[in-house]
Amino acid sequence: MQPATPYTTWPPTTATSAGGYTSLESQLSDSSKSAENDGMTSSTSQVTRLVSENAVIAFGRRGCCMCHVVKQLLLGLGVNPTIFFVDEEDEGAIIDELSKIAGVLEGDGNGKVQFPAVFVGGKLFGGLERVVATHITGELVPMLREARALWL
Amino acid sequence: MHSTTTQYVASRRMGLYEPMHPIGMWGDFKGNGCPNASASTILQVETNLDNQSEDTSHGTLGTPSKYDQEASKPVDKVLRRLAQNREAARKSRLRKKAYVQQLENSRLRLVQLEQELDRARQQGLYAAGGLDISQLTCSGALNSGSAAFEVEYGRWVEEQNRQVNELRNALHSHMSEEELRLLVDGGINHYFDLFRMKETAAKADVFYLMSGMWKTCVERLFLWIGGFRPSDLLKILSQHIQPLSDEQVLNVYHLTHACQQAEDALSQGMDKLHQFLAESVCRAQLREVNYPQMEAAIENLEALERFVKQADHLRQATLQQMSGILTIRQSARGLLAMGEYFERLRTLSSLWTKRNSEPA
């Protein structure tokens, strides 16, 4: 049985730390979270920065249980994943932004990034299915190490 | 000068009383008598017309021309007959429509019954193999998608049993590796077939799939997100694939570990889903259940389909990885072990059911 993980929001950090996880609110009103933010930047331009600054970051809808699965799996591996919860109104814009980063063609309905979306080392890694598949084959951990998400 | 209100028309000459069809009414009959081209019947608009002279009242007949005085008599009959025909035709069309509707419903019902019969027949074949009797009565297959899946699954189990027998014979007969490889690949693909079937069934009715009512009762005991636990699978396999090389031991260990982690993550996701669902149902005001308030809850329910898909994907990935680690012969032994294990669960189910249904 795992102890319940408290849903506290920590000031976002880029360094990996033992235990806990960092979660960012897409609404930037809270100044305690502005370590990375200038406070006035929009959430979409933030996205690009987050992807490049975090070894592992997952984007998902609030209250999405799939996102929770990704988080738990990565935590279990010793990774400290940053989770970015996307608000419904920002969803479209953020998906477009992520698709651009991922190099996915815009306007292509099938190619667009879907939630939960995991980025490793600044590049789009995939969804839950890919995370599980690569973990089973044993490819995931080496990839995470390469992206400096794991230190062992 | 025509109005289209319905009025009762009395024909003093004919002594008829009938409802006026909205064809035309004479408002003005003062001898001007605009010719009424359409069917005109004998009109009497107001009772004070009674005081009119015969001639004038004839003038109200709608056709001013004198020669129609005689013709108006049969015309009147004709018009009445035509009206009655129209009415009869309309009623007949309505009856026909109702009849066709009834036929359609009966047809659908017939298809449903045929499917049920098919299913019951299939299940009758496995009386010894162990399909739960309770499945015959309340499988919970509420829609045709689930019913179709049950039928398909019945066939799948049949094929599974056949393959297991084939594997058993093959291993005892010391078949060549190439031939054995065919059987192994077939066996693994058979499981993949099941996962595909389940994906379709999940779209039709995810709750039916997750209820496990399509499985036997003992199998249902071990249910995890609509199927068997991947970690259970590995436990079964590991007992029958000895001896393993050192490298294999390491690989199997890593696979077991990774599989357990993924399984735990999915379990926790499901717990979270329960939590979210409970919360959103609590928040919704149930006095008037409306869609917007239940939307959050509905989204959670829709997530179930994805969970089943991910769980099946984990099962498939685990099987695939295992088959990559093992030799052909080891894989064959593993598949046989798995097949026999599930077969025994089904047999146990049927034994239990028989035991329960027997008089004390």
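Reader: In which loop of chain B is the place of Pro243(B)?

Author: The model is predicted: local features need pLDDT of at least 70, side-chain atom pairs count only at pLDDT 80 or more, and totals for chains, interfaces and linings use all residues. Residues are numbered from 1 along each chain as its sequence is written, chains are lettered from A and ligands numbered from 1 in the order written, and side-chain values use heavy atoms, with hydrogens and water left out. Helices (H or I, at least four residues) and strands (E, at least two) are DSSP runs, numbered from the N terminus. Pro243(B) sits in the loop between helix 8 (230–238) and helix 9 of chain B.

Reader: Is the peptide bond from Gln242(B) to Pro243(B) cis or trans?

Author: Most peptide bonds are trans. From Gln242(B) to Pro243(B), omega is near -5°. That bond is cis.

Reader: Which residues does a cis peptide bond join in chain A?

Author: Look at the loop between helix 3 (91–102) and strand 4 (117–120) of chain A, where Pro116(A) has its place. Omega is about -5° at the cis bond. The bond joins Phe115(A) and Pro116(A).

Reader: What is the order of elements in chain A from the N terminus on?

Author: Chain A has five helices and five strands. Buried residues (under 20% relative accessible area, against over 50% for exposed and in between for partly exposed; 1.4 Å probe, protein chains only) make up 46% of its 152 residues. From the N terminus on, the order is β-α-β-α-β-α-β-β-α-α.

Reader: And what pattern does chain B follow along the sequence?

Author: Chain B has eleven helices and two strands. Of its 360 residues, 41% count as buried. Along the sequence, the pattern is β-β-α-α-α-α-α-α-α-α-α-α-α.

Reader: What share of the chain B contacts with a separation of 6 or more comes from residues 24 or more positions apart?

Author: Contact means heavy atoms within 4.5 Å. For chain B contacts with a separation of 6 or more, residues 24 or more positions apart account for 75%.

Reader: What is the phi of Ile225(B), and is the residue buried or exposed?

Author: Ile225(B) is found in the loop between helix 7 (217–221) and helix 8 of chain B. Its phi is positive, about 45°, although the residue is not a glycine. Its relative accessible area is 7%, so Ile225(B) is buried.

Reader: His174(B) also has a positive phi. Is His174(B) buried or exposed?

Author: His174(B) lies in the loop between helix 4 (144–172) and helix 5 of chain B. Its phi is near 55°. Its relative accessibility is 64%, so His174(B) counts as exposed.

Reader: Which residues does Ile225(B) touch?

Author: Residues up to four places away in sequence are not counted. The residues touched are Met210(B), Leu266(B), Met270(B), Phe307(B), Val308(B), Ala311(B) and Arg315(B).

Reader: Which residues of chain A lose the most area to chain B?

Author: Here 21 residues of chain A are in contact with 23 residues of chain B. The buried area (accessible area, 1.4 Å probe, that two parts lose on being put together, summed over both) is about 1,900 Å², and carbon and sulfur atoms give 67% of that. Together giving 33% of what the chain A side buries, the residues are Cys65(A), Met66(A) and Ile136(A).

Reader: Which helix gives the most to the lining of the largest pocket?

Author: A pocket is an open set of points on a 1 Å grid over the protein atoms alone, where a 1.4 Å probe fits, with protein on both sides within 12 Å along at least five of seven lines; lining residues have an atom within 4 Å of a point. The largest pocket is lined by 20 residues, with Arg61(A), Arg62(A), Gly63(A), Cys64(A) and Glu299(B) nearest its centre. The elements that give two or more residues to the lining are helix 9 (246–283) and helix 10 (291–325) of chain B. With seven residues, the one that gives the most is helix 10 of chain B.
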